[in-house]
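Me: I have this model open and want to go through it piece by piece. Can you take my questions as they come?

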Amino acid sequence: MGLPGGILRDGALRRDFAFRPLTGAVELALAEAARAGSPLPVRVTAALAATLEHVGGVAAVPTVVADLSVGDRQFLMGRLAVGLGVGESWLTASCSMCGERFDFAVDYGDLPVKEGGEGYPFATVETSLGPCRFRVPTGVDQEAVANLDDGGEAIQCLMGRCLVAIPGQMAGGRLHDDIVGSFTPDDCARIEAAVEAVAPEVAVSVQAACPACGAPHAIDVDPYRVLSPRSGEELLRETHILASTYHWSETEILALPQDRRRRYLDLIDRARGMAR
Ligand SMILES: [Zn+2]
């Protein structure tokens, strides 16, 4: 499956992408991206740039992956979880009706996906100022508002960034702030609905019924779960075992594809079992 949204290039949507072969070096770069103390959108950009080979027909450098729509980035993070072998996981929830704690499985490679709608990545909205044109938010926009604490301010800023054309002229520069400030609450609601309608999306909650009382629950899932603060620890442990056993260098070990590294570890385990 291609990107649910895609990159608009020369008037056509490109939805192709490919991840790099999964070596230890790529896993290490991902772990470093996950651990950096920067805001989440910046870490997502670093993680995708470290692991993607190309996207939309171009090299997946940070500026390119930052420019992907939010839905495309969430989708790619889900594919990455699957590629890393952590696509399925068990979550625990508490039932708000009967208090029972229960476990349920989430398959991150199989979360419902909504593709970009008609006109993606743009939406034209009838406002009190006339028809205005917006584009769907990207990772760059998320990075720009990541440090704004005030939710209202963040939405205003996002709206100004995503406004690409206003009646009679192309929007540009500081003009945005004045225009965004003059939208009525009704305009804002219509803008939000229109942009949401064309934006690609990955479900960020799953349905699970309580096994004790049957009450249905929508439980939030983290689309960026591969950015776990613990990621990389297992890789270090495995590298340590291979280095102590075969005396290979760190560079040599990290160049191995993940499945080959795991096969050597199996062999080491078995040899130890026989020696016991
Ligand atoms: Zn219950």
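This is a predicted model: local features need pLDDT of at least 70, side-chain atom pairs count only at pLDDT 80 or more; totals for chains, interfaces and linings use all residues.

**Helix H8 and onwards**

Me: Which of its residues are buried?
Reply: In H8 those are Ile-191, Ala-194, Val-195 and Val-198. They sit on the same side of the helix, because they cover an arc of only 95° around the axis.

Me: Why would residues a few places apart end up on one side?
Reply: An α-helix has 3.6 residues a turn, so residues three or four places apart point the same way.

Me: And what is on the face turned away from the buried side?
Reply: That face of H8 carries the exposed residues Pro-185, Asp-186, Ala-189 and Ala-193.

Me: What covers the buried residues of H8?
Reply: The cover includes strand S9 (122–127), strand S10 (130–135) and helix H6 (151–162).

Me: Between S9 and S10 there's a loop with Ser-128 in it. Is Ser-128 buried or exposed?
Reply: Ser-128 counts as exposed, because it has 11 C-beta neighbours inside 10 Å; the cut-off for exposed is 12 or fewer.

Me: What does Ser-128 touch, then?
Reply: Not counting residues up to four places away in sequence, Ser-128 touches Thr-184 and Asp-187. Ser-128 and Ser-182 are 54 residues apart in sequence, yet their C-alpha atoms are 9.0 Å apart in space.

Me: Changing topic. Which residues touch the most other members in the largest nonpolar core?
Reply: Leu-30, Ala-47, Leu-48 and Val-65 do, in a core of 28 residues. At least two residues of this core come from each of helix H1 (24–35), helix H2 (40–51), strand S4 (52–55), helix H3 (62–66) and helix H4 (70–83).

Me: What is Leu-48 in contact with?
Reply: Leaving aside neighbours within four places in sequence, Leu-48 is in contact with Ala-60, Val-65, Arg-73 and Leu-76.

Me: What are the domains?
Reply: The domain assignment gives domain 1 (7–114 + 202–220), domain 2 (122–199) and domain 3 (233–269). The C-alpha centres of domain 1 and domain 2 lie 26 Å apart.

Me: How many residues are in the contact between domain 1 and domain 2?
Reply: Domain 1 gives 14 residues and domain 2 gives 10. On the domain 1 side, H2, H3 and H4 are the elements that give two or more residues, and H2 has the largest share, with five. By class, that side has nine nonpolar, three polar and two charged residues.

Me: Last one, the whole chain: how many helices and strands?
Reply: The chain has 11 helices and 15 strands. Buried residues make up 29% of its 276 residues, and its C-alpha atoms fill a box of roughly 80 × 50 × 35 Å along the principal axes.

Conventions
Residues are numbered from 1 along each chain as its sequence is written. A nonpolar core is a set of buried Ala, Val, Leu, Ile, Met, Phe, Trp, Tyr and Cys residues joined through C-beta atoms within 7 Å. A residue is buried if 20 or more other C-beta atoms lie within 10 Å of its own, exposed if 12 or fewer, and partly exposed in between; C-beta atoms are placed from the backbone. Helices (H or I, at least four residues) and strands (E, at least two) are DSSP runs, numbered from the N terminus. Two residues are in contact if their C-beta atoms, placed from the backbone, lie within 7 Å. The arc is that of the directions from the helix axis to the C-beta atoms. Domain bounds come from an automatic or database domain assignment. Ala, Val, Leu, Ile, Met, Phe, Trp, Tyr, Cys and Pro count as nonpolar, Asp, Glu, Lys and Arg as charged, and the others, Gly among them, as polar.
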